[in-house]
Amino acid sequence: MCRSIKTLRPPVLAEEATEDEIRAAALQYVRKVSGFRAPAAHNQEVFERAVEAVTEATAELLAGLEVRGGAAARRAS
């Protein structure tokens, strides 16, 4: 996939991902899939809609993940 997209969940990230980090990952994904770093004017709207959709889906995914065995669980052992 795209090497510049980083893992956005704990324990990889010390804290929850910010909106900016989530949007940056979505932008990188859409750029990779579309093959455009910056789309032409006639593709700008659909490109931006895709970034927004991926941003929302990523935020929903991260909010719903249950991470077991993280740092807190290891410290409690």
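Residues are numbered from 1 along each chain as its sequence is written, and side-chain values use heavy atoms, with hydrogens and water left out.

Student: What pLDDT does the chain average?

Tutor: Glad you began there! pLDDT is the predictor's confidence in each residue, from 0 to 100. In this model 86% of the residues score at least 70, and the chain averages a pLDDT of 85.

Student: Which element of the chain has the lowest mean pLDDT?

Tutor: Elements here are DSSP runs numbered from the N terminus: helices (H or I, at least four residues) and strands (E, at least two). Over residues 72-77 the pLDDT is below 50, and beyond near neighbours in sequence this stretch has one contact in the model (contact means heavy atoms within 4.5 Å). Where pLDDT is low, the predicted coordinates should not be read in detail. Helix 2 has the highest mean pLDDT, 97, while the lowest, 44, belongs to helix 3 (residues 71-76).

Student: How many residues make up the largest nonpolar core?

Tutor: A nonpolar core is a set of buried Ala, Val, Leu, Ile, Met, Phe, Trp, Tyr and Cys residues joined through side-chain atoms within 4.5 Å. Buried means under 20% relative accessible area, exposed over 50%, and partly exposed in between (1.4 Å probe, protein chains only). In soluble globular proteins, nonpolar side chains tend to be buried together. Here the largest core consists of Ala26, Leu27, Val30, Phe47, Val51 and Val54, so the number is six.

Student: How many residues are in the second, separate core?

Tutor: Some of its members can be named: Leu8, Leu13, Ala17 and Ala25 are among them. The count for this second core is five.

Student: Which backbone oxygen does the side chain of Thr58 reach?

Tutor: Thr58 is found in helix 2. Not counting residues up to four places away in sequence, Thr58 touches Leu8 and Ile22. At 2.7 Å, its side chain reaches the backbone oxygen of Val54.

Student: How far apart are the closest N and O atoms of Glu48 and Arg23?

Tutor: Side chains of opposite charge can pair when their charged atoms come close. A salt bridge is a side-chain nitrogen of Lys or Arg within 4 Å of a carboxyl oxygen of Asp or Glu, and by this rule the count comes to five. Glu48 forms one with Arg23, the closest N and O atoms being 2.9 Å apart.

Student: Why does the pair of Glu48 and Arg23 tie together parts that are 25 residues apart in sequence?

Tutor: Glu48 is partly exposed, with a relative accessible area of 29%, and Arg23 is partly exposed too, at 29%. The pair joins such parts because Glu48 lies in helix 2 and Arg23 in helix 1.

Student: Which residues are joined with Arg23 into one salt-bridge network?

Tutor: Arg23 also forms a salt bridge with Glu52, the closest N and O atoms being 3.3 Å apart. Glu52, at 35% relative accessibility, counts as partly exposed. Through salt bridges that share partners, Arg23 is joined into one network with Glu48 and Glu52.

Student: Is Arg68 buried or exposed?

Tutor: Arg68 forms a salt bridge with Glu66, the closest N and O atoms being 2.9 Å apart. Glu66 counts as exposed at 57% relative accessibility. At 69%, Arg68 counts as exposed.

Student: How far apart in space are Tyr29 and Thr55, C-alpha to C-alpha?

Tutor: Tyr29 lies in helix 1 and counts as partly exposed, at 36% relative accessibility. Tyr29 and Thr55 are 26 residues apart in sequence, and their C-alpha to C-alpha distance is 9.9 Å.

Note on methods:
Predicted model: local features only at pLDDT ≥ 70, side-chain atom pairs only at ≥ 80, totals over all residues. Polar contact = N/O pair within 3.5 Å; in protein donor to acceptor, adjacent residues only side chain to side chain.
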